Amino acid sequence: MAISFENALGIHQKALEVRVQRAEVLANNLVNADTPGFKARDIDFKAILGGVQSGQQAGGQLAMSTTNGKHLPQGGNGSAVGSNELLYRVPSQPSLDGNTVDTQQETAEFTKNTMQYQASFQLLNGKFKALNNAIRGE
Amino acid sequence: MSLTNIFDIAGSGMAAQSIRLNTTASNIANADSASSSTDEVYRARKPIFSAIQQDVMSQALGGAPGEMGGGLSASQGVQIEGIIESDAPLNMRYQPDHPMANEGGYVMYPNVNVVEEMADMLSASRSFQTNVSVMDSAKTMMQRLLTLGQ
């Protein structure tokens, strides 16, 4: 019996990956807080991970395959429209130069994302520890 | 790996903010540099910020736009497009006794608004701090990742 890391680690490895990507997008927002005309962006975390989950549970529901980036994704639960695309943040206080970055909001989101990254990391680490215990048999 | 990109992004931000701080320092230092002609007088310098567009670059290199991998983020940090001189009207003062006074008795002073520069300075140093904390968070995340499975 072979150990499949894909099955053993579950959603956590993908979650960690998306957290890192989101951190990158948010860092980019913060860095461009003074760039005229820059529009703040964000990833819909739930939509991406929902897509992964519905892909994993392919037995219950048939997923429509998209072979071209311009194909419309399947509606319904999980896969939101444009699931792995960057979305634009709705500005609360757009500035005169067209910049929509709200530094406070972005800092809060970034900090939140870092904490969630650590949570995902703990869960992933737990999986590895469990595997280790299983291998050692102690 | 994406985490290393955060270092580049935050680094580009810090570099841009330090250039902004540099122009502010230069403007404040020269706020009273008098001159007798409009051509020679110092004018306030302003940096122009722009986002580094990575999507355009990856598309030019043959990558598909909006792809999950490399083309995910629309831009990768910030850059200084250039430094321009302000078009604001010069500050002319009637000082006939001044050694730099022209025939009419006027001395040209730079169009530097010191209050505006001070506000700009505070904004730049705040943004710099934000970038430092972003980089610090990325560092913590990376150090954490290195302990995976231990």
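Between chain A and chain B the count is one salt bridge, meaning a side-chain nitrogen of Lys or Arg within 4 Å of a carboxyl oxygen of Asp or Glu. This is a predicted model, in which local features need pLDDT of at least 70 and side-chain atom pairs count only at pLDDT 80 or more, while totals for chains, interfaces and linings use all residues. Residues are numbered from 1 along each chain as its sequence is written, chains are lettered from A and ligands numbered from 1 in the order in which they are written, and side-chain values use heavy atoms, with hydrogens and water left out.

The bridge between the chains joins B:R20 to A:D34. Their closest N and O atoms are 3.0 Å apart. Side chains of opposite charge can pair when their charged atoms come close.

Now take the interface as a whole. Chain A brings 32 residues to the contact and chain B brings 35 residues; contact means heavy atoms within 4.5 Å. The two chains bury about 2900 Å² between them, with 64% of it on carbon and sulfur atoms. Buried area is the accessible area (1.4 Å probe) that two parts lose on being put together, summed over both. A:E24, A:V31 and A:D34 supply 22% of the area that chain A buries against chain B, more than any other three residues.

Helices come next; they are DSSP runs of H or I, at least four residues, numbered from the N terminus. Axes are lines fitted to C-alpha atoms over the stretch in contact, and angles run from 0 to 180 degrees between N-to-C directions. From α2(A), the contact includes A:E24 and A:V31. From α1(B), B:I6 and B:I9 are among the residues that take part.

In chain A, α2(A) meets helix α4 (residues 103-136) at about 160°, axes 9 Å apart. That makes α2(A) roughly antiparallel to α4(A). The contact has twelve nonpolar, eight polar and five charged residues. Ala, Val, Leu, Ile, Met, Phe, Trp, Tyr, Cys and Pro count as nonpolar, Asp, Glu, Lys and Arg as charged, and the others, Gly among them, as polar.

In chain B, helix α1 (residues 2-29) packs on helix α3 (residues 114-146) at about 160°, with axes 9 Å apart. That makes α1(B) roughly antiparallel to α3(B). Their contact has 18 nonpolar, ten polar and four charged residues.

Back to salt bridges. Over all chains, the whole structure holds eleven. One of the salt bridges joins A:K14 and A:E17, at 3.7 Å from N to O. Both residues lie in α2(A), three residues apart, about one turn of the helix.

How values were computed:
Helices (H or I, at least four residues) and strands (E, at least two) are DSSP runs, numbered from the N terminus. Angles under 35 degrees count as roughly parallel, over 145 as roughly antiparallel, 65 to 115 as roughly perpendicular and the rest as oblique.
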